[in-house]
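Let's take a walk through a protein chain together, from its strands to its cores. Keep the structure in view as you read.

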Amino acid sequence: MTKYIPTIWLEVHMRIKSKTKMFCSCKNAVELASEPNMNVCPVCMWFPGMLPALNKEVVRLWLIWGMAMNCEVNKISRFDRKTYFYPDNPNAYQITQLYEPIVWIGSVKTIVDWEIREFWIHHMHLENDAWKLTHAWNTTLCDYNRAWSPLMEIVTDPVFHTKEEVMEFLKELQKIMRAAWVSDADMEKGQMRADVNISIAPEWAKEWGTRTETKNVNSFSAIWRVIDHEVKRQKKIIEKGWVIDQETRWWNDDTGTSVTQRSKEDAMDYRYFPEPDLLPVELDNEFIEEARKQIPELPIEKRIRYLNDFKLSDDDARLLTTQRDLSEYFDELVKLTNDAKKSCSYITTVLLALMKEDEEIKHLSDLKFDIKELAKVIELVNKDELSSTNSKQVIEELFNNWWETDIIVDENNLRQKNDLWALESIVDEVIANNVKQVEDYKAWNQNIFGYFVGQCMKASKWQWNPKIFNEILRKKLG
Ligand SMILES: [Zn+2]
């Protein structure tokens, strides 16, 4: 049977979190405002005679984003007008950059199947978002809240051949945007979505097959299913001897199928021309360097550092780099404790679980206790002064009552005593009081070892460390 290889490229749209919109001073509602037409003015409502004015913060974020994706920076760039008619766009054009963009060519490095891979970007730019249409009964309602908001478009080369590659790329892209504070890239909130272009061709073919584009897919799981579905659909068509239509398809996530939306227009139809209402953008070195300073250690570099230097598991390294505040919290904790493994496990298994359950504390910045207190918990566990079972109770107390670790440990009698001399005398006493059991143990019944540990714990009123009792008992009982 013929083996078909898929070739995929993506067009990703992301809403960037500048305070104000791209060309006016209205608030940029990254998460759409609850009421329609709250953040609007004559400029973003396209009143006649109004002129756009470029927002400096948007340019700064644009540069940071570009440089974080290894792009080249153009000191002089120009805007273009992209003409298109659609009911969500009252003036029938979008302002964007096609010919001389601020940043161009770039790549995203990520790990696929334990291998570092670099996926190339064909082009990327900002454009103004359109308005939102809501169709109701016999009417259509228009909301200008997001009109003129900055919308990022990233178009990749046809570099993907498996859905795993697509997923790793998108997840890395999301991480970069979050790490650079450019976008929260939250797919559930509509801040990130992708158009997925797919074609398939027999393994031996020298050319790609005809592609289709599935528009506005807005979750990772949907993208995964779109690829599966479209590859299967195209295979069926080819095997019947039919031809694939180049078209735009619409994905229905409920049914898990897609339908034809429209046949694809080519880029030429947009009739780009230089935007007459905006001057070229000239960047000075100082502005560029200022932006460069704000690029953080990239998530992939962090992940490799966690894997190599800290020997964390792949899952942990991936999880800790999903959000910049999470990895920064982890780095800070490791600095304080010098124990990467425990820092990781207390964050991922205890702290994040508490946050998941809690109604109010959803971000690390909401935590009310000092990170030094968590470091103290780890220190006590490492010194055997606190058992790991009890440490969870202490963290829960820190989380809910933001007290101090030492006070919580002492008030709840959780401190394990490790005074060797005192422990030895307890062990001696237990041995002396249980002559029969000791004889049994030595003669034939090794199973009653736990009984001695229990007796020692009881004699110490459960405050001392069973691990050390264990060691002394083994030594003394032989
Ligand atoms: Zn406005």
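Start with two neighbours: strand β1 (residues 4–15) and strand β11 (residues 150–156) pair in the antiparallel sense over five bridges. Here strands are DSSP runs of E with at least two residues, helices are runs of H or I with at least four, and both are numbered from the N terminus; two strands pair if DSSP finds at least two bridges between them. For example, Glu-11 has Val-155 in β11 as its bridge partner. In general, strands of a sheet pair through backbone hydrogen bonds, either parallel or antiparallel.

A word on the model: it is predicted, so local features need pLDDT of at least 70 and side-chain atom pairs count only at pLDDT 80 or more, while totals for chains, interfaces and linings use all residues. Residues are numbered from 1 along each chain as its sequence is written, and side-chain values use heavy atoms, with hydrogens and water left out.

Now zoom out to the sheet. Eight strands form an open sheet in the order β7-β8-β11-β1-β12-β13-β14-β15, with mixed pairing. Its edge strands, β7 (106–112) and β15 (257–263), each pair on one side only. From one strand to the next, the twist averages 30°.

Angles run from 0 to 180 degrees between N-to-C directions, with axes fitted as lines to C-alpha atoms, for helices over the stretch in contact.

| Helix | Strands touched | Angle |
|---|---|---|
| α3 (220–239) | β1, β12 (192–202), β13 (212–217), β14 (247–252), β15 | about 30° with β12 |

What lies inside? The largest nonpolar core has 76 residues, and those with the most contacts inside it are Trp-65, Met-69, Ile-154, Met-177 and Ile-223. Such a core is a set of buried Ala, Val, Leu, Ile, Met, Phe, Trp, Tyr and Cys residues joined through side-chain atoms within 4.5 Å; buried means under 20% relative accessible area (1.4 Å probe, protein chains only). Helix α1 (residues 56–68) gives the most to this core, with nine residues. Ile-223 touches several residues beyond four places away in sequence, including Val-166, Leu-170 and Val-217. A second, separate core of 36 residues includes Leu-364, Leu-367, Leu-380 and Val-409.

Lys-132 has Asp-143 in β10 as its bridge partner.

How values were computed: Buried < 20%, exposed > 50% of the residue type's maximum accessible area, 1.4 Å probe, protein only. Contact = heavy atoms within 4.5 Å.
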